[in-house]
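This report is for a reader who is new to the structure. Please look over the sequence and the model before reading on.

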Amino acid sequence: GGALVDSPARENAPDLFTFDPRDPAPTLGGAVCCNPRVFPWGPFDQRPVERRSDVLVYTTKPLKEDLEAIGPVKVTLYASTSVRDTDFTAKLVDVLPDGYARNLTDGILRLRYRNSLEKPEPASPGEIYRIAIDAGVTSNVFLKGHRIRVEISSSNFPRFDRNPNTGGRIADETRQLRATQTVYHDRAHPSQLALMAMPSRARPAEGET
């Protein structure tokens, strides 16, 4: 149901989407270069990207109090694919009460490098892998009434180059394959977002500093 919760249910149906490198999910702001008049950077409303069928969206309920997150953002996925190599992306989003979905930070993992950057390993189609995505760092106060959101996809282009999903040398590849991606989130496969949260601090009363 797209909920980001404290603990998964014992049984949850996995979520599937199709990643087509010919039609990748587009980058919308974020930590990109170079000329902002050519390619805008920074915070943007991510709802246009979230409406795509190849982007999974998981959101908490409105927060009951401020939550200050500072430090690394880690996303652990239990996922499988129908191809020999592919990508999985993650994006942390702060959702305002009016629905504005402000991007904070993001990251990507190329599946062939799930265990090592030095020794790439092809994937076995259909096998479930536990993968860790480094989604950067943040220092953000999610205000009371806001919601925490994570987007999962397989592309964020052109911030990250597209994976043709063939398992071959990407720089030389002339083919592009569609990939069926499956993300699991049950008790046995607890996909999760990990944030470093600071202890809540009482706000000063009016007139105090």
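The sections below cover the model, a sheet, a cavity and the salt bridges.

## The model

This is a predicted model, in which local features need pLDDT of at least 70, side-chain atom pairs count only at pLDDT 80 or more, and totals for chains, interfaces and linings use all residues. Residues are numbered from 1 along each chain as its sequence is written, and side-chain values use heavy atoms, with hydrogens and water left out.

## An open sheet

Four strands form an open sheet in the order β2-β7-β4-β5, with antiparallel pairing. Its edge strands, β2 (56–59) and β5 (101–110), each pair on one side only. Neighbouring strands of the sheet are turned by 20° against each other on average, direction ignored. Strands here are DSSP runs of E with at least two residues, numbered from the N terminus, and two strands pair if DSSP finds at least two bridges between them. The angles are taken between axes, which are lines fitted to C-alpha atoms.

The antiparallel strands β2 and β7 are joined by four bridges. Tyr58 stands opposite Val150 in β7.

A salt bridge is a side-chain nitrogen of Lys or Arg within 4 Å of a carboxyl oxygen of Asp or Glu. Lys91 forms one with Glu151, with the closest N and O atoms 3.3 Å apart. Lys91 lies in strand β4 (residues 87–95) and Glu151 in strand β7 (residues 147–153), so this pair ties together parts that are 60 residues apart in sequence.

## The cavity

One cavity of 30 Å³ or more is found in the whole structure. A cavity is a set of points on a 1 Å grid where a 1.4 Å probe fits but cannot get out, and lining residues have an atom within 4 Å of a point.

Strands β4, β5 and β7 each supply at least two lining residues.

## Other salt bridges

The structure holds 15 salt bridges. In one of them, Asp54 pairs with Arg52, the closest N and O atoms being 2.8 Å apart. Asp54 counts as buried at 5% relative accessibility.

Asp172 and Arg169 meet in another, at 2.7 Å from N to O. Arg169 is exposed (over 50%), with a relative accessible area of 60%. Asp20, Arg22 and Arg178 are linked in a network of salt bridges.

Methods:
Buried means under 20% relative accessible area, exposed over 50%, partly exposed in between (1.4 Å probe, protein chains only). Axes are lines fitted to C-alpha atoms, for helices over the stretch in contact, and angles run from 0 to 180 degrees between N-to-C directions. On a 1 Å grid over the protein atoms alone, a cavity is a set of points where a 1.4 Å probe fits but cannot get out, and a pocket is an open set with protein on both sides within 12 Å along at least five of seven lines; lining residues have an atom within 4 Å of a point. Grid points are joined across faces, edges and corners, and a volume is the space filled by probe spheres set on the points.
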